[in-house]
Amino acid sequence: MPGFLLHANAAMTCQHAAGQAKIVPGQARVLVSGQPVAVIPPGLPIISVLPGCPFTVPPSKPQPCVTVRWSMPSTRVKVMGLPVMLAPAPGPGPGICQSAEQIPQGAPIVGAMQARVSAM
């Protein structure tokens with residue numbers, strides 16, 4: 001599936017709009033917009049952290065989003081042998097935000113990425 005490359009400073013939040021994702025690039029050699037291209041290392045599907053999510057479930061148990069598992073690696077484009085992270089377009093991304101207990105919390109919202117390069 002084609003999509004846009006994500007880089008270390010791509011803007012991504014959880015559905016609760018307060019948790020800002022910090023993408024761990026996994027490599028530093030290939031850059032887009034001056035930022036390392038985000039790759040998905042093998043055996044490490046958790047690729048970003050969301051500090052600051054305020055989500056709470058009733059009655060008052062904090063259940064913030066703390067990680068994102070990305071489910072759309074590139075099938076053809078690789079950086080140093082690792083598939084790059086792709087997003088289809090700005091909007092809901094092909095990943096899932098999770099709480100510390102690994103409870104799914106919804107898709108992350110991708111707001112900005114490298115728009116000049118698309119990959120498969």
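Reader: Does Ser99 count as buried or exposed?
Author: Ser99 counts as buried, because its relative accessibility is 2%. Buried means under 20% relative accessible area, exposed over 50%, and partly exposed in between, with a 1.4 Å probe and protein chains only. This is a predicted model, in which local features need pLDDT of at least 70 and side-chain atom pairs count only at pLDDT 80 or more, while totals for chains, interfaces and linings use all residues. Residues are numbered from 1 along each chain as its sequence is written, and side-chain values use heavy atoms, with hydrogens and water left out.

Reader: Where is Ser99 found?
Author: Ser99 lies in the loop between E13 and E14. Helices (H or I, at least four residues) and strands (E, at least two) are DSSP runs, numbered from the N terminus.

Reader: Which residues is Ser99 in contact with, leaving aside neighbours within four places in sequence?
Author: With those neighbours left aside, Ser99 is in contact with Gln63, Pro64, Val66 and Gln105. Contact means heavy atoms within 4.5 Å.

Reader: What about Gln98, buried or exposed?
Author: Gln98 is found in strand E13 and counts as buried, because its relative accessibility is 9%. Its side chain makes a polar contact with the side chain of Arg69, at 2.9 Å. A polar contact is a pair of N or O atoms within 3.5 Å; within protein, one must be able to donate a hydrogen and the other to accept it, and residues adjacent in sequence count only if both atoms are side-chain atoms. Beyond its neighbours within four places in sequence, Gln98 is in contact with several residues, including Pro64, Thr67, Ile103 and Gln105.

Reader: How many bridges are there between E9 and E13?
Author: There are four bridges between E9 and E13 (residues 95-98), and the two strands pair in the antiparallel sense. Two strands pair if DSSP finds at least two bridges between them. Within E13, Gly95 stands opposite Trp70.

Reader: And how many bridges join E13 to E14?
Author: Two bridges join E13 to E14 (residues 104-106), and these strands run antiparallel. Cys97 has Gly106 in E14 as its bridge partner. The hairpin of E13 and E14 has five residues between the strands, and Gln102 there takes a positive phi near 65°.

Reader: What do E10 and E11 form?
Author: They form a hairpin with two residues between them, and Met80 in the turn has a positive phi of about 55°. Three bridges join E10 (residues 73-79) to E11, and the strands run antiparallel. Val79 stands opposite Leu82 in E11.

Reader: New topic: how many residues does the largest nonpolar core have?
Author: The largest nonpolar core has 26 residues, and those with the most contacts inside it are Leu6, Met12, Leu50, Trp70, Val84 and Met85. Strands E9 (67-70) and E11 (82-87) each supply at least two residues of this core. E11 gives the largest share, five residues. A nonpolar core is a set of buried Ala, Val, Leu, Ile, Met, Phe, Trp, Tyr and Cys residues joined through side-chain atoms within 4.5 Å.

Reader: Where is Gly3 found?
Author: Gly3 is found in strand E1 (residues 3-5), and Gly3 is buried, with a relative accessible area of 4%. The C-alpha atoms of Gly3 and Leu86 are separated by 5.2 Å, although these residues are 83 residues apart along the chain.

Reader: Finally, how many helices and strands does the chain have?
Author: The chain has zero helices and 16 strands. Of its 120 residues, 42% count as buried.
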